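I opened a new page for this structure.

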Amino acid sequence: MKIRHATHTDDRFILEFLVRNARDHFNPVFLLKNFQAGLIEQFKRTINDGVCPMPDKEYPSSLQVAEIRGVPVGFMWNLQRTKNETEIYMVGVAVEHRKKGISEALLKNELSKFKSGHKVTSRVKRKSLAMKHILKKLGFAGKFYFPYRSQNFQLEIS
Ligand SMILES: CC(C)(COP(=O)(O)OP(=O)(O)OC[C@H]1O[C@@H](n2cnc3c(N)ncnc32)[C@H](O)[C@@H]1OP(=O)(O)O)[C@@H](O)C(=O)NCCC(=O)NCCS
């Protein structure tokens with residue numbers, strides 16, 4: 001398994017994954033054509049310019065892919081919210097490659113790049129049990145978020 005920066009050739013794998021898993025794990029608006037256009041724009045800008053347009057402003061962003069024998073099997077998309085804070089925006093691993101440590105490897109690879117004191121956050125939906133398990137395993141603390149449809153996790157790099 002190799003971890004590399006995402007390229008335009010990963011568009012189908014990542015965007016289809018996000019739409020297919022929108023309702024349970026990401027944002028149900030990704031099922032709507034108008035919002036899919038926004039998601040495609042976020043993907044393109046992240047690859048081309050290293051920034052992701054969000055409703056309030058553009059944030060520096062990066063998108064890493066895990067591949068096996070040249071085929072993308074997982075990804076991790078980050079947004080740098082402030083100089084000292086990065087959000088794990090979205091993570092996914094193809095069903096047939098789950099429970100082999102791929103997302104853990106993607107997360108650990110990213111976390112190793114941050115300096116001591118840097119904050120890493122993630123907002124996780126109620127049904128995303130696997131993601132919650134992984135974050136807790138890596139030392140993130142979880143806080144409930146009203147109205148409890150999602151939970152915020154946070155880690156300060158030591
Ligand atoms: C969350 C997700 C990325 C995990 O990917 P993965 O590569 O299968 O995870 P890993 O193999 O690295 O697993 C790491 C740990 O999580 C555990 N885990 C994996 N799937 C799990 C599940 N369904 N329920 C509980 N724990 C789970 C593993 O057992 C492992 O823990 P362990 O070492 O203590 O046994 C993957 O399940 C996925 O794509 N889910 C749908 C999208 C999603 O929920 N994304 C997160 C929202 S941002």
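My entries follow, from the whole chain down to single residues.

**Entry 1: ground rules.** I number residues from 1 along each chain as its sequence is written. The model is predicted, so I note that local features need pLDDT of at least 70, that side-chain atom pairs count only at pLDDT 80 or more, and that totals for chains, interfaces and linings use all residues.

**Entry 2: the whole chain.** I found five helices and eight strands in the protein chain. Helices (H or I, at least four residues) and strands (E, at least two) are DSSP runs, numbered from the N terminus. From that end I read the order β-α-α-α-β-β-β-β-α-β-α-β-β.

I looked up the size next. The C-alpha atoms fill a box of roughly 35 × 35 × 30 Å along the principal axes. The radius of gyration is 15 Å, which agrees with the value near 15 Å for a compact globule of 158 residues. That radius is taken over C-alpha atoms, and the globule rule is 2.2 Å times the number of residues to the power 0.38.

I then checked burial. Of the 158 residues, 27% count as buried. A residue is buried if 20 or more other C-beta atoms lie within 10 Å of its own, exposed if 12 or fewer, and partly exposed in between; C-beta atoms are placed from the backbone.

Contacts came next. Among those between residues at least 6 apart in sequence, 48% join residues at least 24 apart. Two residues are in contact if their C-beta atoms, placed from the backbone, lie within 7 Å.

**Entry 3: strands around β3.** Which strands run antiparallel to β3 (residues 58–68)? I call two strands paired if DSSP finds at least two bridges between them. Strand β1 (residues 2–5) joins β3 by four bridges, antiparallel. Strand β2 (residues 51–53) is also antiparallel to β3, with three bridges. Strand β4 (residues 71–82) pairs with β3 in the antiparallel sense over eight bridges.

I noted some partners. His5 is bridged to Gln64 in β3. Gln64 also stands opposite Met76 in β4. Val51 faces Pro60 in β3.

Two hairpins turned up. β3 and β4 form another with two residues between them.

**Entry 4: two loop residues.** Arg69 sits in the loop between β3 and β4. Its phi is near 45°, a positive value in a residue other than glycine. Is Arg69 buried or exposed? Arg69 counts as exposed, because it has 7 C-beta neighbours inside 10 Å.

Lys99 lies in the loop between β5 and α4. Its phi is positive too, near 60°, and Lys99 is not a glycine. With 8 C-beta neighbours inside 10 Å, Lys99 counts as exposed.

**Entry 5: helix α4.** I listed Ile102, Ser103, Leu106 and Leu107 as buried in α4. Seen down the helix axis, the buried residues fall within an arc of 135°, so they line one face. The arc is that of the directions from the helix axis to the C-beta atoms. Their cover includes β1, β3, β4, β5 and α5.

**Entry 6: around the ligand.** Of the 21 residues around the ligand, His25, Arg98, Ser103, Glu104 and Ala130 come nearest. Here a residue is near if its C-beta atom, placed from the backbone, lies within 6 Å.

Which element gives the largest share of the shell? That is α5, with six residues. β5 (85–93), α4 (102–111) and α5 (129–137) each supply at least two.
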